[in-house]
Structures are given as C-alpha cells and as structure tokens.
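I opened the model today to look through its aromatic contacts and its metal site. My notes follow in the order in which I looked things up.

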Amino acid sequence: MTYQYWNPGMETISRRGLEAWQLEKLRCAVRHALRTPFYAKRLKEAGIDSPERIKTLDDLRRIPFTTKHDLREGFPYGFLSIPKEQVVRLHASSGTTGAPTTIYFNKEDLMRWTGFVARSIYATGCNRTDVFQNMITYGLFTGGLGFHAGGEEIGMLVIPSGAGNTTRQFRLMQDFGTTVVHATPSFLLHVEAKMREEGVTRENLKLRKAFAGAEPYSEDTRKRIEELLAIDVYNSYGLSEMNGPGVAFECQCKNGLHLWEDGYIGEIINPETLEPVREGGPGELVLTCLCREATPILRYRTRDLSGFYNGPCACGRTHRRLYRIKGRTDDMLIINGVNLFPSQIEEVIMSMKEVGNNYLIVVEKEGALDRLTVQTEVGPAVFTDDSRVLNALKERIRKTLQASITINPKVELHERGSLPIFEGKAKRVHDKRPKDV
Ligand code: AMP
Ligand code: ZN
C-alpha cells in the first residue's frame, strides 16, 4: 500500500528533529502560560518564572499537572493569555462530568487546529474528490466545526448535516453520494439499524469510510460497523481542552492512533502515584498543548486510559501511536468490590452476532449488594417470539459475560429500537446506587 501524507516533512520527521521542535514549542507554551492568571501563580510556585527555565524536554516534569477542577476554578478567563480583542472563537467541553470548561482561540490557533484535523483525515486516504457528511453536533462541541474546517481544508465537499435526524442522514448520503461520514460509533450503529428498517441497502450508497470517536468503543464495535456497512472505520480521538478532534487519529494501518506530537506532548502516568508508567502504559494519558496561544494548557490529566505502542508504524509516520482508549479513570465501576469498565461489557456483547446494536448497563443496590443488569436489544438475525429461544439466548449472553468479567449479571433482552438512542456521546451506564454509599 502507498501512504499519503498531508505534511510529509513533519509526519515523518526524525525523533531528534521532533524533540527539538517540541522543546521550542514547549518554551512558547510556557511563555504564554505565564501570561494567564492561573499559570502565573502555579508555575512561579514551581520555580518556573520564565520559559528559559525549561532547558530540556525532561524539565516538563517540573511543571505541575492541570486538572479539570483547575479549569473550572479558572472559569471564565483564568486561562486566557491574550487580550480579548484577539480571541475569535470559543468552544466548551460537553460537561458530561460536571460544569463546562471553556477554551479560547485566536486566528492562528484555529489555523493550526484545522491543520491537524486535515492531516488526520488525509491519513485515512481521503482527498478532494470525497464527499464528507459530518453527522456530529455543531456548536460549542468541537467535533462539528473542527471536522468541518479540516474537511474543507483538504478540499472535500463538506455536508454539515449535524447529528440526529437519522432518516434525513441517509437521504443526504444518497442525494449527494457521500463517501465519508463522521459520527459517534453509537450513532453509526443506530443509522445502520434504521437504514435496514427502511430498506436502504449498501448498494444505494457510495459510502467508503467513517471516522468514529468522541466516546470509547471496542475493536468489536469497529468490526461490527465495518461489516454491517462494508466500510473502513477509523478511530478519532480528541478533547476540547486540546482543541478538539485531530489530537490522535488512526492511519490506514488501523493499528493505534498517531498522536500528533508536533502539536501535543503525551505522557502516560499511574493515576494513583502520578509517576510515569514504564514501557509506555497502560495508564492515564497526560497531554500538553503546543499549538494554541490563547488558552495554553500544560500537563493536562485527561483521565483517559491509554498507552503507547512500541516500534514504528508501517505507514512511515514517526509520531507515536496510542492504544484505543479503553475508558476513563472516572468511568470505572466497582461492583461488589470488582473493578469493571463498561468497555469490557461492550467488547463481549458486540462480538455476539445475535445481539443488536444498542445496549445499556444498569447498576443498583439490592440489599447490601450491587446488582449489575445488562440490557441488550436482539439482533436482526433473531426472528422469533419463542420464549425458549429467547431464554436460551439470554442465558448464553449471561454466561459469556460472566466468563469475561467475573461478575454474574442479570441479562434483559429488549426489542429492536426500544433502548434509548444517543445522537451525541452515548450514556450507557445508569448507576442508580445511592451516591454516599
Ligand atoms: P470533549 O471535551 O467533550 O470533546 O470530550 C473529550 C473526551 O471524550 C475525551 O477526554 C475522551 O474521554 C472521550 N473521547 C473522545 N474521543 C474518543 C475516542 N476515540 N475513544 C475514546 N474516548 C474518546
Ligand atoms: Zn501509521
């Protein structure tokens, strides 16, 4: 396979060249950070009162971590490093885990961000002949405008369809010959189920690729979407604190996500000890933004669990690859003392063909104990009202889950289309346990 690069020099730069670049950009980031109320105090306390204190990349570790809590404390302007007249846009995080946080951009920041998104899209083999339907929320969420600008930068025809309105989505695909879409993996699964229901077949579409991200999903979910729609699915990772999409992306090798290290420095730490994890992971991803002036953020604890692959990628890019994000440190459920990530459940049920595209995890208290219920929809291949067949399926799901997660769940089968649909990030876990327990 021949691989295409958007910015060949930078994407295949030597490690030494990349580190020299990072050092220079890190000093710039510190210079900007020192102009913000938050970091002026935080960095000086750590003995970093000027960018010259950063002599080597190892000095990064002298900078204290920044947390979501810090960003909230600094709301609204504690992290702004330039005069407000120079700010041209703001975005805010989805606030799924609390109050939103705000990121500001100047014109150059937006250009740099767009460059990273364009590079990401191009790495999947797209070009100006593609028709790109951006099926994700526009507005304060970064996925809409971020991908939109990146797509236009490449010269693709961009359809700003936004999220939701499923039937209209595949009408647009048919009318304009959409070749690439961007959506959350859960919305892609929903679109596919709806298409089947309305008799739209693969042959009616020109679709070749999808970018799926904004929420964790397993390799089995990727395979399921790829098989159902006969397309290639690429994992897209980003977060508003680091601009949004275009932080890390899969290339055509689909073997880990290249972290664009000329824009972001990645570290993996143990979330308990805060020490670096040897061998690159697994652990919590910490990111430093090197490509934004208006809102510098240094050593941000993402809470996302990942790690770095060893060795080079066959595509020739030298930027290190992250593992698929397994979940967030704050996603982890403790069920009767056993640690469980929702992604472990997803992995099992998405690999079972008889199970439909949607599921929900419910945790409740039953007396002193925790009770885990996994609700799934039946797959299209299950054409039966025979309760014996359904009970057997339920039992098979239960056993397969138990073997994998070591917890004995209750399994409920639901009709197709009856579990809640999510247009944005899916909320798969309902933890109904009292919070103070
Ligand atoms: P937001 O700031 O609202 O864009 O949310 C960013 C968060 O979404 C990240 O910190 C991750 O927890 C999650 N996320 C984004 N992309 C992915 C992905 N490809 N895989 C797993 N989680 C993701
Ligand atoms: Zn690669």
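This is a predicted model: local features need pLDDT of at least 70, side-chain atom pairs count only at pLDDT 80 or more; totals for chains, interfaces and linings use all residues.

I checked F147 and F249 first: both are buried, a label I use for under 20% relative accessible area, with exposed over 50% and partly exposed in between (1.4 Å probe, protein chains only). Residues are numbered from 1 along each chain as its sequence is written, chains are lettered from A and ligands numbered from 1 in the order in which they are written, and side-chain values use heavy atoms, leaving out hydrogens and water.

Aromatic pairs next. I paired rings of Phe, Tyr and Trp (its six-membered ring) if their centres lie within 6.5 Å, calling planes under 30 degrees apart stacked, over 60 edge-to-face and the rest tilted. That rule gives me 13 aromatic pairs. One of them is F132 with F211, tilted, at 5.8 Å centre to centre and 55 degrees between the planes. F132 lies in strand 3 (residues 131-134) and F211 in strand 6 (residues 209-213), so this pair ties together parts 79 residues apart in sequence; helices (H or I, at least four residues) and strands (E, at least two) are DSSP runs numbered from the N terminus. F132 is buried at 0% relative accessible area, and F211 counts as buried at 0% too.

Back to F147 and F249: they form a tilted pair, 6.1 Å centre to centre with 50 degrees between the planes. F147 is in helix 6 (residues 142-154) and F249 in strand 8 (residues 244-250), so I logged a link between distant parts of the chain, 102 residues apart. F132, F147, F211 and F249 make up one aromatic cluster.

Then charges over rings, meaning NZ of Lys or CZ of Arg within 6 Å of the ring centre and within 35 degrees of the ring normal. I found the charged end of R119 over the ring of W260, 4.9 Å from its centre. K254 lies over the face of Y234, 5.6 Å from the ring centre.

Last, the metal. Which protein atoms are the donors of the zinc ion (ligand 2)? I get C251 (SG), H258 (NE2), C313 (SG) and C315 (SG), at 2.1 to 2.3 Å; donors are N, O and S atoms within 2.8 Å of the metal (3.2 Å for Na, K and Ca), and water is not among the atoms, so sites may look incomplete. Their spacing along the chain is C-x6-H-x54-C-x1-C. C313 is buried at 10% relative accessible area, and C315 is buried at 1%.
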